[in-house]
Amino acid sequence: MSWTLRLATFCLAALLTCGGAMAQPDSSNNSGTTTAAPAPTVAELRAQFTKLTASAETDEDARKLLAQINDIGVQADKFVTARTGELADLNARLGELGNPPAAGATEDPDITRQRARLTKERNALDADIRLARLLSVDVRQRGTDLVSQRRALFEAQLTERAASPLTGEFWSDLKEAWPDDLERLKAMASAVNDGLLTATQPETRLQVIAALIAALLLAVLGNWAAEHALTRLAARFLPAGRLRRSVLVISIVASHVLLVAVAAHGFVQVLKEYATWEPQARRVLQSTAQAMVFMAFVIGLGRGLLATRRPSWRLPPIPDAMATRLAALPWLVALVAALAWTPAEVNALIDASFAAVVATHVLTALMLTALVASVLYLVKPLRADAQEAGLPERPMWVGLLVALIGALMIAIWVLVALGYVALASFLASQLTWSGIVAAAFYVLFKFADDVFMATVSSRSAFGQRLQKSFNLAPQTLDQAATVLSALSRVALFFYMLIALAAPLGTGPGEVFQRSGKFGTGVKVGEFQLVPGAILSAVGVAVIGFIVLRVFKRWLERSYLPNTQLEPGMQSSITTLLGYVGGILVIAFTLSALGIGIERIAWVASALSVGIGFGLQAIVQNFISGLILLAEQPVKVGDWVVLGTAEGDVRRINVRATEIQLGDRSTLIVPNSEFITKTVRNMTLANAEGRVLIRLPMPLTTDAQRVRELILAACRSHEGVLETPAPSLTLEGIENGLLIFQAIAYVASPRLAGGVRSDLLFVILDELQKASLPMATPTTFMMAPSPAGPAAAAPGPATSSSPIPGMPT
């Protein structure tokens, strides 16, 4: 069984690492136990930093130095953060003890000793904090130098030209260097074989075999069971829709990575526990485990996206025939990627010759371009399948992208033929890595959309709860879901760019570490755009407006109804406080973004010219709206007459006021109209309305009888108020007619029109019953002459003119 175990482990060791991700230093001893080291002091960190100031000769050395220096900087920052509070406490305690007494004054010796001890501790701690801050500055400066050095090494390596594989020089150099490289390779294989022989001794053989079987079962059967269990859990607990599909894909990828990582690293840990491994063999085992994890990630991502056994759960719009044909593609990509970078990792482990490195570049470029060509070959005939399935036509940018990939592959082959093998290998690696990153972030983009649409939008259960709790409009929730989805997409796009710029096989930790370099922000003009500050500003804005809405709702429903303020005044106060609160939230948001009050004032002064000309009317209406809310000449609910318009004030906005007319239409009036023009407020002093009726009657009319009938009609109407009582006056005689004017009062001006109509119907009916005729207009007739209009003689004519005051 020992040879079987060694063969299996050697096959695993063949798949070393992907993308040059080197193994982390192993801090465990031979027995597998680890000990937690105490936090280093500032002096120790300074000493470590001094040892790392040597220049790097290769990109790998520069990357290691940069990682170690960044770790020292992180520890220095943690030291400053942890000790700043202690320094503040010591200063506070010294402040309580007070200053030392003046010369000749006496003091308690205990207080003197305590002050001296605290002063000594404070000075020592302050010196350590200053040294840590200085070390942090040195670390950042050294890190910047190393980044520049890595860039220079990288550019020099890419532009270096070697012997072309089409020439004999390439093969002769490889043949000449092969014996030495073979000896180094045998030494590495011997180190691995010695470790395997030690681990498979008779007393430990069963444990190692059991660990290998457990690792294989966990990686194969565990993923199969986990995929089925995740599908059932998603169907049971997640709401129907797109969210369950994206969550299932992410869960499948996570389960593949987690289970394979546990299996691979667990088995490596078992091998380390039962054998003594040389440093080179340890790196082989660690690199093998990392390669297995990367392969699991690619395979899990491909299986989750294709979903050949669950077509209804498939996230991308791929027909079933296309998904079935691409089922083996994730395994092919994972295997070829691991095999392509195995020689590069072997070169790093055995310190291979320059000829071997050049040959590795050639092999990597050819294998990866063959992989990309295979993918294009598999996808090309599927375009007709998509058209038959009724899917939309392929966008133009997809065709351009395929053409660009084809041109890039041709360029890689040309570079290999010319001898620029390093550049060709880099382009081929980044081309493959870009495809993997694009697939991964496609899932994340879909998940960002689905999670907010399923939780915040008005169609979701949680969104409906928000709508009821905060009285939000459905459109507001949908807009919020869209905005949150867009913000998450922007953040994901930022990390996608960082991942694309990273080498193939980079883990999430290195991506976040690279993104930390942008944490200090990007300076645009006079403004410093910091990602953390942008997120803080968005959080302040969201929380601020939510708190403002809750406060306004509390005012409207709880506090203001318990006051003696009228409803119009309550609405005006709520609106005014809403404007003030909105201004404060915007100010806090700009402050969180790093834009101070002085910069806001500078921007306002810069815009003053534009405000004076283009925005003058808007500013005038805004100030007028604030005056209306503050002075209350017109309130919500008042009946106003503005020119020929008459109606109810329904809302006073920041720019204009809404007036509802009698025909239920809405009139939008700029706020400045209420300040600069004459406005008649029918309900400012009181809420009563007046009904005015003028009736012309013949001179022979019994005026007393008319008075009794009209007053009786007014008193009998239920809408007419008893106080003030209705009245009737005889205004005078006009054109031989008696002019009667009746005045009645109603509860609101809004009722005046309807009451006036009712009274007219009743009054005319009563006058007719009492045989009291109304005045009729005088009519004159004029007929044209026989000769025509031009020769018309004076004679009778017809004309109609209503008598003044006659109701029409």
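**A sheet and a helix crossing in a predicted model**

In strand β7, R680 is the bridge partner of V641. Strand β3, residues 639-642, pairs with β7 in the antiparallel sense over two bridges. Pairing here requires at least two DSSP bridges between two strands. The model is predicted: local features need pLDDT of at least 70, side-chain atom pairs count only at pLDDT 80 or more, and totals for chains, interfaces and linings use all residues. Residues are numbered from 1 along each chain as its sequence is written, and side-chain values use heavy atoms, without hydrogens and water.

The β3-β7 pair belongs to an open sheet of five strands. Their order is β6-β5-β4-β3-β7, and the pairing is antiparallel. Strands β6 (666-670) and β7 (680-681) form the edges, each pairing on one side only.

The protein has 25 helices and twelve strands. These are DSSP runs, numbered from the N terminus: H or I of at least four residues for helices, E of at least two for strands. Of its 808 residues, 36% are buried, meaning under 20% relative accessible area with a 1.4 Å probe, protein chains only.

Helix α5 (residues 168-199) and helix α10 (residues 329-350) have axes that come within 10 Å and cross at roughly 90 degrees. The axes are lines fitted to C-alpha atoms over the stretch in contact, with angles from 0 to 180 degrees between N-to-C directions. Therefore α5 is roughly perpendicular to α10, a term covering 65 to 115 degrees. In α5, D181, R184, L185 and M188 meet V346, L349 and I350 of α10; contact means heavy atoms within 4.5 Å.

Methods: Buried means under 20% relative accessible area, exposed over 50%, partly exposed in between (1.4 Å probe, protein chains only). Angles under 35 degrees count as roughly parallel, over 145 as roughly antiparallel, 65 to 115 as roughly perpendicular and the rest as oblique.
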